[in-house]
Amino acid sequence: MLFIPSGEGVRQWFSMLDPKLLREAPETVRAAIAKKHLAVDLTAVLALDTAWRAQLGEVEALRARQKAANNGMVALQKGSPEFLAKVMEMKGVSAQAKTAEEALKTLEEKWHAALLSLPNIPHATVPDGKTPEQNVVHATHGATDAASPHAIPHWEIGGFSNLIDFARGAKVTGAGFPFLIGEGARLVRALLQFFLDENVKAGYTEVSPPIFVNAASATATGQLPDKEGQMYVTADQLYAVPTAEVPLTNFFRDEILEEDALPVCRCAYTPCFRREAGSYGKDVRGLNRVHQFDKVELLKWVHPSASYDELEKLRADAERLLRKLELPYRVLLMCGGDLGFAQSKKYDLEVWAAGQKRWLEVSSCSNFESFQARRAQIRFRNKESGKPELVHTLNGSGLAVPRVLAALLENNLQADGRVKIPSALVPYFGKEYLNFN
RNA sequence: GGAGGGGUGGCAGAGUGGUCGAAUGCGCGUGCUUGGAAAGCACGUAUAGCCGCAAGGCUAUCGGGGGUUCGAAUCCCCCCCCCUCCGCCA
């Protein structure tokens, strides 16, 4: 069912793809669907498009007739026989138009819903593949084999619950809402401050956004209608943000930027809230997956011609944070099947957690091209033509705290039970070692 | 939370049922004028959809949605936002 928020915003297009692209190059869309390994009936979408346009023509013809009649009636004496005859005639046309408009509305809803099912087109450089195993390891940085011999999962470290208390969080709120205490809380604060400072140095403007958004905003970035169950909702239909991407991207919703203002680069820290409905299995323990966590997000609004260069810069900015923290990590280039519905190209940054002996995703850097911009109607005015065009949007974490924290604890655990703080973080944390008691 | 006043084009601001996509002013653009500029004059200046090879045509949009009517910026209902005053509050 198509979700149509009431009130301002997100009223023009619910489509994610340009309908013209669908008409003029359906095979491009078909190829995109194939590369993403999605099951979408393009023929049905095209049929709806044709039907919608036919109906639109009919409605517009009737309206034109009404309009012409109205203009003529102005000259007539009100109440004269000619006037009354015209009224009678136009009553019929009016009824006809009403019926035609209702039919159009029904068709339009179906058509929009169908367009919603079409994914963004993957970039040519996105590798083929269906499963996460087919993602390409783009780069690996730091050693993973020389991990400390006593590395253990962070939740097994002696005194862990002195710093991060899941049990009391569960009592007070529910599972997945841990308390951070003492040096645990301090380390998180140090990480956030470090991330923000580094990002500002890299040219991003710091923003502190609202952490609740309305339905129109959640729709524009794609959380609604499909992922409603992933968000916490308040009694008055405000959604707790699952990521700062949502309020940040919507900042310029329904606006036209000056071309010279591009690229706009911003970063924001927010707590993030995710119900993680339907998740199960391996991530139930520790910090790998929680309902509330802290994250700094990077956002860019760029000129379409620059978006792939900007994606590389964005990835480099996120990588720099991991390098300064001296954490081993790898960069994955997502294959078509694991790319996600809205992305054209995506890199995942995964940090090595020595104790769990596995990679943890800490950042996902994506180019959405005009996909989100169309939904949110974020444009820039082309200086040459004077016409508005859709911007390209990109985002990525810089970075998500809990998994970075997990890796930090596991990789830097010393034989004496303390954790060595990376030198870049020492000025923020205030000392060189963290204690668990 | 209570009472009242408002939301019209890039901005200001007319318009209370009919040729209104919308007067006027400012701003902006082009041209004329000028040695050059200013002033002045002329013309132009929203967004989107559909049709069309094109020229162009048609339609929609006055905070959002619905209703009344042959016809709505204008009348009715609901919602959102802003302002003023009162209350409450970190």
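Which loop does Glu-369 lie in? Glu-369 sits in the loop between strand 12 (358–367) and helix 11 (371–376).

## Ground rules

This is a predicted model: local features need pLDDT of at least 70, side-chain atom pairs count only at pLDDT 80 or more, and totals for chains, interfaces and linings use all residues. Residues are numbered from 1 along each chain as its sequence is written, while chains are lettered from A and ligands numbered from 1 in the order in which they are written.

Helices (H or I, at least four residues) and strands (E, at least two) are DSSP runs, numbered from the N terminus.

## Positive phi

Back to Glu-369: its phi is near 50°, positive in a residue other than glycine. Glu-369 is also buried, with 24 other C-beta atoms within 10 Å.

His-37 has a positive phi too, near 55°, and isn't glycine either. You'll find His-37 in the loop between helix 2 (26–35) and helix 3, partly exposed with 16 other C-beta atoms within 10 Å. For those labels, buried takes 20 or more other C-beta atoms within 10 Å of a residue's own, exposed 12 or fewer, and partly exposed is in between; C-beta atoms are placed from the backbone.

## Cis peptides

Leu-262 and Pro-263 are joined by a cis bond with omega about -5°. Pro-263 belongs to the loop between strand 7 (255–258) and strand 8 (264–273).

Gly-398 to Leu-399 is cis as well, omega near 0°, and Leu-399 is part of strand 15 (residues 392–400).

## Around the RNA

RNA strand B has 26 residues around it, with Arg-63, Ala-64, Val-74, Met-90 and Ser-94 coming nearest. Here, near means a C-beta atom, placed from the backbone, within 6 Å. Helix 3 gives the largest share of that surface, 11 residues.
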